[in-house]
Amino acid sequence: MRVSCFLPVLVFLCLTTACFAQQQAGSSSIRFKKQTIATGYISEGVAVTDVDKDGKPDVLAGSFWWKAPGWKKFEITTPYIHPSIDGYGNSFLNFAYDVNNDGWDDLIKIGHPGEATHWYENPQKKPGHWKERLVHPALGNESPTFVDVDGDGRQDIICNDAANKKVIWLSAPSGPNDTAWKTYVISDDSTRATHRYTHGLGFGDINGDGRKDVLIVEGWWEGPADPHQEIWTFHPADFGQGCSQMYVADVDLDGDSDVISASAHEYGIWWHEQKRNGNETTWETHEIFKEFSQSHALAFEDINGDNYPDLVTGKRFWAHNGHDPGEREPAVVYWFEFVPGKTPKWTPHLVDDNSGVGLNIAITDINKDGRKDIVTSNKKGVFVFVQTK
């Protein structure tokens, strides 16, 4: 999304001193109540949806789902809990989605990078495990992106084919009798973003042509008029070091798109300013925060209701089993209040210091009180942070 779409820049009133002071006062009163719904290394991905259609959003992570509001645990597939925080489990990112278009949300479970990814069909309240179906046999990249690539109203997956060394997007099945995901090739250059452990991926309109592009840290592939077209044009750019999810927004309100990223394994959260001089485009990196490392999951959602998306991230606890900078520092979760402008403001707010994030974060109104809540899962367990005031 582009910040230029934020309520006609709110007539820029939200950058006046009075309005900003009011926003700050409101945001400083936001608190989160922590609920630990599971402990142990279950999953580094998490999703939220109403599994059983009782009107209450439930939590899904790895092999399980937890029924709201009491968080009773149910099995999705053969139970798997990793025996220790050392090593890696079989659930890295999770997405809830009605894959087969039957009216019931299913679970997409992305496992170890470069290995098979499956989706699990919601049994519609019937007992037993959910039926497992293949998404892709070798889905790579450590931040696969779940977005609508072709504008058909259905979510797709951007990733790489780690076996055949291509950057691809996968189109979801169209109906109950269609269970296969279709593959479209963005790039067949095996030297760029095709390693199974590639870090950094995003989807947004970089050049302002109204079509969304695919970003990696080395540059971006230009979205064609028909996104089903294979082999997109690549434009080199410098979006910094290996990161997690990447977002596109006009951060400084100068009319062009900038890029936001966060270090997956070291210290740093940044925004990369697009600068144009005639036909030449350069990128200048600005630091947002560097007080914790391993921000391997990054969300961009409006937390405080001011119509500007905020950053939510934290430490991926024990990401490399004790070998990353800052591994033994507190497993924090933060949200960063964002106000765009010539000098954009990012105000850090600590949510928790003993949980952290995994590889994706779910932002949702889990108790339907009109406020956005935060759900995470990692080697410490599965956590729900309910926003209160």
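This is a predicted model: local features need pLDDT of at least 70, side-chain atom pairs count only at pLDDT 80 or more; totals for chains, interfaces and linings use all residues.
Eight strands make it up, and it is open, running in the order β16-β15-β14-β13-β17-β18-β19-β20 with mixed pairing. The two ends of that order belong to β16 (233-236) and β20 (280-293); each of these edge strands has a single partner strand, so one side of each is left without a neighbour in the sheet. Going from strand to neighbouring strand, the average turn is 20°, with direction ignored.

Strand β17, covering residues 245-249, runs antiparallel to strand β18, covering residues 258-262, and three bridges join the two. On the β18 side, aspartate 258 sits opposite alanine 249.

Now for the charged side chains. The model holds twelve salt bridges, counting a side-chain nitrogen of Lys or Arg within 4 Å of a carboxyl oxygen of Asp or Glu. Two of the pairs described here involve strand β8, which spans residues 115-121.

One of them joins arginine 196 to glutamate 115, with 3.6 Å between the closest N and O atoms. This pair links distant parts of the chain, the partners being 81 residues apart: glutamate 115 is in β8, while arginine 196 is in the loop between β12 (182-187) and β13 (201-204). Neither end is fully hidden or fully open. Arginine 196 has a relative accessible area of 27% and so is partly exposed, and glutamate 115, at 41%, is partly exposed as well.

The other pair brings together glutamate 121 and arginine 133, whose side chains meet at 3.0 Å, N to O. Here glutamate 121 belongs to strand β8 and arginine 133 to strand β9 (residues 131-147), so the bridge ties together parts that are twelve residues apart in sequence.

Arginine 371 comes out as partly exposed, because its relative accessible area is 31% and the partly exposed class lies between under 20% for buried and over 50% for exposed. Aspartate 369 falls into the partly exposed class too, with a relative accessibility of 33%.

Salt bridging also goes beyond simple pairs. Asp52, Asp54 and Lys67 are tied into a network of salt bridges.

Technical notes. Residues are numbered from 1 along each chain as its sequence is written. Side-chain values use heavy atoms; hydrogens and water are left out. Two strands pair if DSSP finds at least two bridges between them. Helices (H or I, at least four residues) and strands (E, at least two) are DSSP runs, numbered from the N terminus. Axes are lines fitted to C-alpha atoms, for helices over the stretch in contact, and angles run from 0 to 180 degrees between N-to-C directions. Buried means under 20% relative accessible area, exposed over 50%, partly exposed in between (1.4 Å probe, protein chains only).
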